[in-house]
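Please keep the sequence and the model in view while reading.

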Amino acid sequence: MARKKATPKKTSDASGDQRSARPFWSGTLTFGLVSVPVDLYPGNRTNRAPLRMLSPEGGPLARRYYSEKSGDNLQDDDMVRGFEFEKDRYVIVTDDELERLAPEQSRDIDLRRFVPLEDIPPLYFDRSYFLAPSQGSEKAYRLLAQTMAKQKLAGLATFVMRGKEYLVTIFPEDGILRAETMRFADEIRSPKEIGLPEKKKVAVATVKKFERLIEKHSASHLSLKDLKDEQTEKLLKLVEKKRKQHKDIVEVEVAEREEGKVVDLMEALKKSLSGKRRAA
Amino acid sequence: MAARAIWKGDLKLNSTKVPVKLYAAVQDRTVRFHILEEKSKTRVKQHMIEPDSGKEIPSDEIRKGFEVKPGTFVILDEEELQKLEPEASREIEVTQFVLPTEIPPEYFDRPYYLGPDGDAGAYFALAEALQKKDREGVAHWVMRKQPYAGVLRAEDDHLMLVTLRNAEEVLSAKDLPRPPGRAPDKKELAMATQLVELLKGEFDPKEFKDEYRERVMEFVEKKAKGHKPRLHLVKAKKETTSLDKVLSKSIDALKKKQKKAA
């Protein structure tokens, strides 16, 4: 559907819109000629303890764009997207144009290469997502997940989502397909580009000293649950303490929640995966 | 041109210290757009307003609060928030070493290259030791008032730190239901395996390019020169009908293609 004006998207980053039960993006996973329509959901939870900005009276504030010239607050229709090709000179680009710049195939996640997952260095991994089958593609989805799990392989592809192209790796976890967006090769700086010194000869004794240290402190398993979010815990404790003391509490009338009802991401994912979605 | 270090710290392994500098390993190449006011074609700015009146509240008057229940906020002032900050330190504590397969991809966040800060001998020796043992160190440090966890690993001859997300931020597939429907049969599995085998290869990131970015830049440049570049519509993909048929067609097509290329 063609849109006349460019309206910059409010959720500008790909960390996921957790305020709705709708998938973040819908498309098709393909391998060979097999098509698997899928829905994409964020695999990372964002900030657990957001702090709201409030007025001196305690009322929640909202962020708005405004015109420096007139001082007016701006609505979506008042704004356009521009690329600065020369100082203060812009080329306007619409959503429609950006959409059309993505060729036919780019809306598919076309798996053209399968590699062992452990061969991908961690520096490439960016954001994590889950894929859920949509439109009755459960059989093909399960087939792909099982095949990749058996051979311990991950599939690589590129695709365009929300005005940006991503390199992505798809791999199974407990029968569910995960998608991990990655950085492109030209987005990774080399040690040379950074200006790191090249390796010179090292003392064998020093290497051995470090090797022994590594051996001594090697663990066979890392408990990922131990990666705690201490900052949020501290914040929540302080909040709880003040709440109990009735300190600095402000109560305001909330007519209706802005930006719609918050839906738990896990619930949305569970619903989608068990096939209980509303008709597309 | 050499990059500037973001931060300086000391890797601490037991009682051994290796001073290092941190550098961003990623260079974002996304085409950057600005949001403009259509009328004036000038860049917009952002501010905080009272939603009902539209009145701007200047930043020094803004208070911060945590919503304990709808409409009820606990206000936290700057002093209290500052007290929550972790103690500043230059130490990057490495407490244990694990196999590279121990940490799943969804935990990794941002990569940083480390460079030696004085003791190059120790730096390169540590990188070599990590390579030889094929292990990664689990590191903890505080940088810019935030606590971090990450892995210390060798990337060829150099050292790298990749930050990790905390457990709360990562959703696990364990808690999700598997899609319904019957499991694939042997024949389907065999064909799918064959198909995947044909596409198997080594990981080579250079195989993939951000072509969309290039197309957008080309389009923008043409438009800037006053041309009217052409665009075509994106077509939606049709669904697979018979899975078996498509699988065997795919295998045949791929084999043909690979034969041609050979």
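At what angle do the axes of helix α3 (residues 186–198) of chain B and helix α5 (residues 243–261) of chain B cross?

## Basis of the model

This is a predicted model, in which local features need pLDDT of at least 70 and side-chain atom pairs count only at pLDDT 80 or more, while totals for chains, interfaces and linings use all residues. Residues are numbered from 1 along each chain as its sequence is written, and chains are lettered from A and ligands numbered from 1 in the order in which they are written.

## Two helices of chain B

The axes of α3(B) and α5(B) come within 10 Å and cross at roughly 25°, where axes are lines fitted to C-alpha atoms, for helices over the stretch in contact, and angles run from 0 to 180 degrees between N-to-C directions. The helices are DSSP runs of H or I with at least four residues, and the strands discussed further on are runs of E with at least two, each numbered from the N terminus. The two helices are therefore roughly parallel to each other, a term for angles under 35 degrees.

On the α3(B) side, the residues that meet α5(B) include B:M191, B:L195 and B:L198, and among their counterparts in α5(B) are B:L247, B:I251 and B:L254; contact here requires C-beta atoms, placed from the backbone, to lie within 7 Å. By class, this contact of α3(B) with α5(B) has 8 nonpolar, 4 polar and 3 charged residues, with Ala, Val, Leu, Ile, Met, Phe, Trp, Tyr, Cys and Pro counted as nonpolar, Asp, Glu, Lys and Arg as charged, and the others, Gly among them, as polar.

## Strands within chain B

Strand β1 (residues 7–13) of chain B pairs with strand β8 (residues 91–98) of chain B in the parallel sense over 3 bridges, where pairing requires DSSP to find at least two bridges, and B:D10 has B:E91 as its bridge partner in β8(B). β8(B) is also joined by 5 bridges to strand β10 (residues 136–143) of chain B, and these two run antiparallel, with B:H140 in β10(B) as the bridge partner of B:E93.

## Where the chains meet

Across the two chains, 146 residues of chain B are in contact with 144 residues of chain A. Helix α2 (residues 120–133) of chain B gives the most to the side of chain B that touches chain A, with 11 residues, and by class that side has 80 nonpolar, 25 polar and 41 charged residues.

Strands also link the chains, for 3 bridges join strand β3 (residues 52–54) of chain A to strand β6 (residues 63–69) of chain B, which run antiparallel, and A:L54 has B:R63 as its bridge partner in β6(B).

How values were computed: Parallel < 35°, antiparallel > 145°, perpendicular 65-115°, else oblique.
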